[in-house]
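I am keeping notes on what I looked up in this structure. The entries cover charges over rings, aromatic pairs and a strand.

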Amino acid sequence: MQLNQEQLTAVRHVNGPLLIFAGAGSGKTRVITNRIVHLIQKEGISAGKIVALTFTNKSAKEMQTRVKKMITKPLLRGIEISTFHSLGLKILKKHPEEIGLKFPFVLQTPYDQESIINDLLKSKKIDPQSYPSKAILSHFSRIKNTGEEYIAKLSVSPIEIDLISLQLFENYCHVLKELNSVDFDDLILLPTNLLTNNKQVRQYYQTKFKYIMVDEFQDTNQSQYTFLKLLMGNNPNLCVVGDDDQSIYGFRGSNMNLILNFEKDFPGAKVVHLLNNYRSTSFIVNAASSVIKNNPGRREKRLYSNINHGDKVKYIERENEKEEAIYVVDTLQAEMIKGKKPGGKIAILFRTNYQSRSFEEELRIRSIPYKLVGGYNFFDRKEVRDIISYIKIIANPKDEVSLLRVLNYPKRGIGGTTISKLIQKSIECECSVMEILERLCEKPEFVDGIKKKTVSAIYEFLEIIHKYKKEFFKSHQMSSVLNSFIKEIGFEKEIVSEESDEKVIKARMNNLSEVVNMLSYFENELEQENKPNLFDFIIRLTLLMEDIDPKLEQEDKKVQLMTMHLSKGLEFDIVFLVGLEEGIIPNSRVLEEGSGVDEERRLFYVGMTRAKEKLILTGAKERKKYGETVLSNPSRFIEEISCQYLDTYKIENESSESSNIFLNELEKLKSA
DNA sequence: GTTGCGTTTATTTTT
DNA sequence: TAAACGCAAC
């Protein structure tokens with residue numbers, strides 16, 4: 001496929017700021033990758049001067065593979081195609097001392113963050129009921145993502161929880177530093193501070209990167225923007241690609257105004273509009289446009305499609321969520337059998353994760369393979385977090401959170417009373433719990449009131465940690481060391497005692513092997529370049545934990561289930577948008593905020609524009625909530641769809657027609 | 001220290 | 001509805 005006129009203009013633009021408004025399905029990634037190739041091949045710019053930033057590891061990887069297909073490897077030497085966070089990490093790794101870190105520092109997961117907060121709450125005797133750690137954490141995140149502005153706002157209208165957060169914030173930062181660790185937001189914030197305060201480092205990066213590109217620019221938050229500007233310095237070759245209509249991460253601090261005000265911020269910026277949608281039928285594009293045009297303050301764009309109009313968008317209403325699921329699965333099953341659609345080209349998209357359940361059940365009843373993307377991922381499983389905790393302790397004995405997690409898992413008789421004594425002692429002595437354990441083994445009377453039996457349990461625990469620490473550093477095959485560690489520490493016995501179902505035991509043990517596989521994959525990948533080590537593996541794991549399943553590409557037979565948020569950037573032949581009711585989308589909790597509806601409308605728009613051929617919208621008249629049946633009304637967004645592109649099937653006016661067509665079809669196929 | 005039972009509470013989206 | 005939590009008995 002050739003590039004169109006606008007795409008070519010964007011690709012060929014070399015110097016000076018460039019703003020690309022890229023509507024849904026308009027070939028945005030193609031433009032970026034082609035522009036990279038153009039800069040290198042036609043303009044002779046060295047790849048080492050180019051940096052392309054994305055928000056997810058997945059899209060970074062996608063961009064890398066696409067560029068690699070177009071250009072030979074030597075020409076790509078030194079190019080930086082990564083996420084904001086990975087680039088931040090790279091910078092931190094290069095200059096740890098400048099910001100008060102020692103080299104192998106630790107990246108805290110959200111789980112770790114939460115337990116740090118909980119510990120703080122406990123030590124300050126603050127009731128965790130009225131100040132949930134999650135809420136506090138999201139405030140911390142906002143502080144780090146927006147900088148002083150937030151604190152200034154606070155002093156004007158302080159809410160109670162904000163004050164508590166602010167008090168705890170300093171403590172929290174202190175704990176992170178104690179543990180020689182950083183959190184996710186620090187990966188942007190600390191490099192930004194470094195570049196601001198250190199002229200030498202700043203000049204280094206400003207000379208290194210001359211051509212900067214940012215994908216999904218509408219998702220950028222203030223701190224990322226500051227970071228970008230520091231990387232650029234006076235060099236104006238910044239190219240940003242985005243679509244204000246697809247800005248759906250406001251709750252995470254992303255600021256749509258950054259793209260809307262780009263021209264003001266960079267006077268003389270070249271602006272390109274990509275409006276030709278190559279993905280969806282014209283009915284789908286027009287239906288989506290008729291919804292999004294209701295948003296105030298957006299940049300007016302007329303997206304169009306030259307693809308045949310195809311079927312109208314359907315809206316189907318059912319009695320309850322069970323009936324809704326039956327309809328959806330009936331229909332998609334018919335498409336799979338009759339239309340020979342592979343499951344991977346069909347998606348069910350919902351607003352909130354818990355909505356997946358009714359669909360999963362219905363799919364499972366009929367043994368249709370499906371893939372639930374995101375939600376509860378691999379790293380949320382207990383055994384996986386346990387083994388990772390062990391790896392972390394071995395790498396970093398100061399990692400309190402991980403240590404306490406597994407000190408008595410598998411159970412070895414070190415209970416709550418002992419643990420609180422140990423923590424108490426570590427606070428008294430101002431040293432880590434691990435040190436207390438060490439000293440306790442040398443001198444059992446070091447901590448009073450601990451039984452002999454407990455001490456010997458701790459001794460055995462330490463022995464095994466020491467032994468494997470040595471092995472990991474000595475060995476050239478860490479994965480096999482990890483394997484014997486899993487055997488020796490007694491995971492299997494513990495899991496067997498917890499589960500009665502043979503299959504579940506196997507599955508959980510398999511998850512552990514999966515971590516071993518990851519380590520072995522990691523070792524093989526790195527072997528030629530650097531000697532692999534545990535620290536880098538942990539950082540890799542932590543980054544991976546925050547990403548959706550990287551194996552997604554291989555799941556081409558499975559029906560895809562995910563939230564509308566996660567669907568951004570993807571496309572499917574057939575899309576079901578489900579649970580379209582007031583209160584779900586727009587979400588009732590969001591409605592209380594001022595501009596909440598607009599973001600919900602954009603989310604709905606993102607969902608609609610994922611569909612290439614068929615778009616089916618469904619809703620239920622009542623559904624169970626907390627085990628109680630609640631009535632609901634159709635989402636206001638349904639009405640906003642221009643009726644020339646929409647067919648509505650409400651329960652009253654269709655009783656036999658549409659559902660029976662599919663059912664009959666199914667019966668025929670089954671008997672045949 | 002562990003187990004088991006009854007009570008409570010949660011569902012917005014995630015790099 | 002189902003998981004998570006807290007308390008009391010073993």
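I count a charge as sitting over a ring if NZ of Lys or CZ of Arg is within 6 Å of the ring centre and within 35 degrees of the ring normal. The model is predicted, so I note its limits: local features need pLDDT of at least 70, side-chain atom pairs count only at pLDDT 80 or more, and totals for chains, interfaces and linings use all residues. Residues are numbered from 1 along each chain as its sequence is written, chains are lettered from A and ligands numbered from 1 in the order in which they are written, and side-chain values use heavy atoms, with hydrogens and water left out.

**Entry: charges over rings**

I found Lys425 over the face of Phe446, 4.9 Å from the ring centre. Arg252 lies over the face of Tyr249, at 3.8 Å from the ring centre.

**Entry: aromatic pairs**

I pair rings of Phe, Tyr and Trp (its six-membered ring) if their centres lie within 6.5 Å; planes under 30 degrees apart count as stacked, over 60 as edge-to-face and the rest as tilted. The count by this rule is 19 aromatic pairs. I looked up Phe55 and Phe84: the ring centres are 5.2 Å apart and the planes stand at 45 degrees, so this pair is tilted. Phe55 lies in the loop between β2 (50-54) and α3 (57-70) and Phe84 in helix α4 (residues 84-94), so the pair ties together parts that are 29 residues apart in sequence. Helices (H or I, at least four residues) and strands (E, at least two) are DSSP runs, numbered from the N terminus.

Are these two rings, Phe55 and Phe84, buried or exposed? Both Phe55 and Phe84 are buried; buried means under 20% relative accessible area, exposed over 50%, partly exposed in between (1.4 Å probe, protein chains only).

Tyr249 and Phe251 also form a tilted pair, 5.9 Å centre to centre with 55 degrees between the planes. Tyr249 counts as buried at 13% relative accessibility, whereas Phe251 is exposed at 58%. I also noted a cluster linked by ring pairs: Tyr390, Tyr409, Phe461, Tyr468, Phe485 and Phe491.

**Entry: strand β1**

Five of the five residues of β1 (residues 18-22) are buried, so the strand is largely enclosed by the rest of the structure. Leu18, Ile20 and Ala22 point one way from β1, and Leu19 and Phe21 the other way. Which strands pair with β1? I take two strands as paired if DSSP finds at least two bridges between them. β1 pairs with β8 (residues 270-274) in the parallel sense over five bridges, and Ile20 stands opposite Val272 there. Four bridges join β1 to β7 (residues 238-242), also parallel, with Ile20 opposite Val241.
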